[in-house]
Amino acid sequence: MTAAIQSAHPERTILAVRHHTETLFSFRVSRPAGFRFRAGEFVMLGLPGPEGRPILRAYSIASAPWEEFLEFYSIKVPDGPLTSRLSKVAPGDEILLKSKTTGTLVADALAPGGTLWLVATGTGFAPFASIIRDPDTYERFDHVVVTHTCRTAAELSYGEDMVRDTLAHPLFGEIAAGRLTAISAVTREPTAGLAGRITDLARSGALFDAARRPRWSPERDRIMVCGSTDMIKDLRADVEAAGFAEGSNAAPGTFVVEKAFVG
Ligand code: A2P
């Protein structure tokens, strides 16, 4: 790697890697001194590519802002130029990590108060893993409902681990215990739990029955959406029809969306 690339994309050491399914893995890297971010943001990371040109992708940070390491959750795309290689990293290896973080799935882009709904499909759960473990979330919102929909139950395991860790956390587990509700659903295999797409579960009301909360209303609820592009498109149409207004850092609203980046 050339000196120029190294300075633009400093290297970070892999601390740990976990493989959750054939196609899903998570990894931790050392956190640079002074690396600050808001829960829900993403950062560019990657590996050196051919001819010294790095291959970088946007990854949501899954660890909480107070944690000493940075964690990321990724899909493995067999022919993906980055994830096919990234999924083979081991502790001690180095990856490239930019220092600038950004993103729209931040509490600052939402009007405070009410119930915060975190709607994820697949690896779109990653930013919400950070948000549910950020004590600031519980300062700003009265209640948090995190929903995760995947094709199979095995794909829910990372999110389930995160919710369990949050509730068991010695410092704020107690706060979260009364205020955090987790709902998961699968779409492509039989299940004893909730089955079906989140859009259908919201339209039918099954989502609200499971969460024991009333239907979405912009006066009472705030919604963050992350995951499949098609899901985001459909859910956006539904919540806009229900009167929700998209927020930004400059002008907070009642919902925000972000695409989960893969490749
Ligand atoms: P489905 O299995 O019915 O396609 P993917 O693995 O393709 O990223 O999908 C992750 C989850 O998102 C799956 O459970 C999938 O359901 C769901 N999904 C895909 N498209 C939509 C959509 N337009 N609306 C709601 N959920 C969707």
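In the predicted model, a nitrogen atom of the ligand lies 2.8 Å from an N or O atom in the side chain of Asp234, a polar contact being a pair of N or O atoms within 3.5 Å. An oxygen atom of the ligand is 2.6 Å from a side-chain N or O atom of Arg188, and a polar side-chain atom of Arg151 is 2.8 Å from a ligand oxygen atom. The protein covers 80% of the 550 Å² of accessible area that the ligand has on its own (Shrake-Rupley method, 1.4 Å probe). Residues are numbered from 1 along each chain as its sequence is written. The model is predicted, with local features needing pLDDT of at least 70 and side-chain atom pairs pLDDT 80 or more, whereas totals for chains, interfaces and linings use all residues; side-chain values use heavy atoms, without hydrogens and water.

The residues surrounding the ligand (a heavy atom within 4 Å) include Thr121, Thr149, Cys150, Thr187, Arg197 and Met231. By class, this shell has two nonpolar, five polar and five charged residues. Its largest share, three residues, comes from α9.

Of its 22 lining residues, Thr121, Gly122, Thr149, Arg151 and Ser228 are the closest to its centre (lining: an atom within 4 Å of a point). The lining comprises seven nonpolar, nine polar and six charged residues, and α9 contributes the most, with three residues.

Methods: Polar contact = N/O pair within 3.5 Å; in protein donor to acceptor, adjacent residues only side chain to side chain. Helix = DSSP H or I, 4+ residues; strand = E, 2+ residues; numbered from the N terminus. Nonpolar A, V, L, I, M, F, W, Y, C, P; charged D, E, K, R; others polar. 1 Å grid on protein atoms, 1.4 Å probe; cavity = no way out; pocket = protein on both sides within 12 Å on 5 of 7 lines; lining within 4 Å.
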